[in-house]
Amino acid sequence: MSEIIHESLLVLPTEDELAATMARARALIQSQALLSGALAAVPVPGLDVAADMAILAKMVEAINREFGLAATQVEQFSASEQQWLLQLARQLGNPLIGRYASKALIMLALKRAGVRLVSKQAAKWVPLLGPVVAAGLSYTAMRMLGEAHIRDCAALWQRARQAAPAR
């Protein structure tokens with residue numbers, strides 16, 4: 001695999017650059033998780049699920065962009081580099097890296113947080129505290145999904161750096 005990277009546009013980030021990128025991405029997921037939590041407190045059936053899908057799609061795209069792994073950014077690399085990066089993403093078990101966040105891929109990611117989301121739906125209808133519990137569960141689930149995606153993006157670049165020949 002390492003022979004793929006040679007004369008190219010692919011520049012591997014340093015550990016310091018990855019740390020800074022992770023910090024920026026974490027600030028981003030904070031605001032998206034708060035939005036998800038606020039919308040979960042609204043007792044309208046189905047609103048929070050649709051909102052979570054839209055929020056997650058936006059959040060994943062923004063995280064990918066921060067890491068230089070948005071689909072439009074990956075498309076700038078050679079075909080072999082694209083294939084290599086997507087193979088690394090598959091090895092990590094993350095189909096959202098380097099791709100457009102389709103409805104099917106977002107649903108797959110939401111299933112990773114399935115128990116929390118089902119609990120959120122049930123909690124919403126408990127008088128008084130239900131909306132608060134639903135908001136907390138939604139916030140936590142979105143943070144968890146965002147953190148997992150950040151870790152996967154960082155791990156991809158770390159693996160790429162390990163596999164790349166010295167320049």
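Modeller: Two residues are in contact, or touch, when they have heavy atoms within 4.5 Å of each other. The model is predicted, so local features need pLDDT of at least 70 and side-chain atom pairs count only at pLDDT 80 or more, whereas totals for chains, interfaces and linings use all residues. Residues are numbered from 1 along each chain as its sequence is written, and side-chain values use heavy atoms, with hydrogens and water left out.

Not counting residues up to four places away in sequence, Leu-156 touches Leu-69, Leu-85, Leu-88, Ala-89, Leu-92 and Ile-97. Leu-156 is also one of the residues with the most contacts inside the largest nonpolar core, together with Ile-63, Phe-67, Leu-69, Leu-85 and Trp-157. That core has 37 residues. A nonpolar core here is a set of buried Ala, Val, Leu, Ile, Met, Phe, Trp, Tyr and Cys residues joined through side-chain atoms within 4.5 Å. Buried means under 20% relative accessible area, exposed means over 50%, and partly exposed is in between (1.4 Å probe, protein chains only).

The elements that give two or more residues to this core are helix H1 (15–40), helix H2 (47–66), helix H4 (79–92), helix H5 (103–112) and helix H7 (130–163). H7 gives the most, with nine residues. Helices (H or I, at least four residues) and strands (E, at least two) are DSSP runs, numbered from the N terminus. By that rule the protein has seven helices and zero strands.

For the chain as a whole, buried residues make up 43% of the 167 residues. Among contacts between residues at least 6 apart in sequence, 80% join residues at least 24 apart. The protein exposes about 8,500 Å², of which carbon and sulfur atoms supply 64%; accessible areas come from the Shrake-Rupley method with a 1.4 Å probe, and for residues only the protein chains shown count as cover.

Gln-32 is found in helix H1 and counts as buried at 9% relative accessibility. Leaving aside residues up to four places away in sequence, Gln-32 touches Ile-55, Lys-58, Met-59 and Met-142. The C-alpha atoms of Gln-32 and Tyr-139 are separated by 8.4 Å, although the two residues are 107 apart along the chain.

Next come the charged pairs. Side chains of opposite charge can pair when their charged atoms come close. A salt bridge is counted when a side-chain nitrogen of Lys or Arg is within 4 Å of a carboxyl oxygen of Asp or Glu. The structure holds five salt bridges. One of them joins the side chains of Arg-161 and Glu-15, at 2.2 Å from N to O. Arg-161 lies in helix H7 and Glu-15 in helix H1, so this pair ties together parts that are 146 residues apart in sequence. Arg-161 is partly exposed at 27% relative accessibility, and Glu-15 is partly exposed at 42%.

Another salt bridge, at 2.6 Å from N to O, joins Arg-24 and Glu-66. Since Arg-24 lies in helix H1 and Glu-66 in helix H2, the pair ties together parts 42 residues apart in sequence. Arg-24 counts as partly exposed at 41% relative accessibility, as does Glu-66 at 30%.

Arg-26 pairs with Glu-147, with the closest N and O atoms 3.0 Å apart. Arg-26 lies in helix H1 and Glu-147 in helix H7, so the pair ties together parts 121 residues apart in sequence. Arg-26 is partly exposed, with a relative accessible area of 31%, whereas Glu-147 is buried at 15%. Arg-26, Arg-143 and Glu-147 are linked in a network of salt bridges.

Finally, the largest pocket has a volume of about 160 Å³. On a 1 Å grid over the protein atoms alone, a pocket is an open set of points where a 1.4 Å probe fits, with protein on both sides within 12 Å along at least five of seven lines; lining residues have an atom within 4 Å of a point. Grid points are joined across faces, edges and corners, and the volume is the space filled by probe spheres set on the points. The lining includes Phe-67 and Trp-157, both among the core residues with the most contacts. Glu-66, the partner of Arg-24, also lines the pocket. H1 gives the most to this lining, with three residues.
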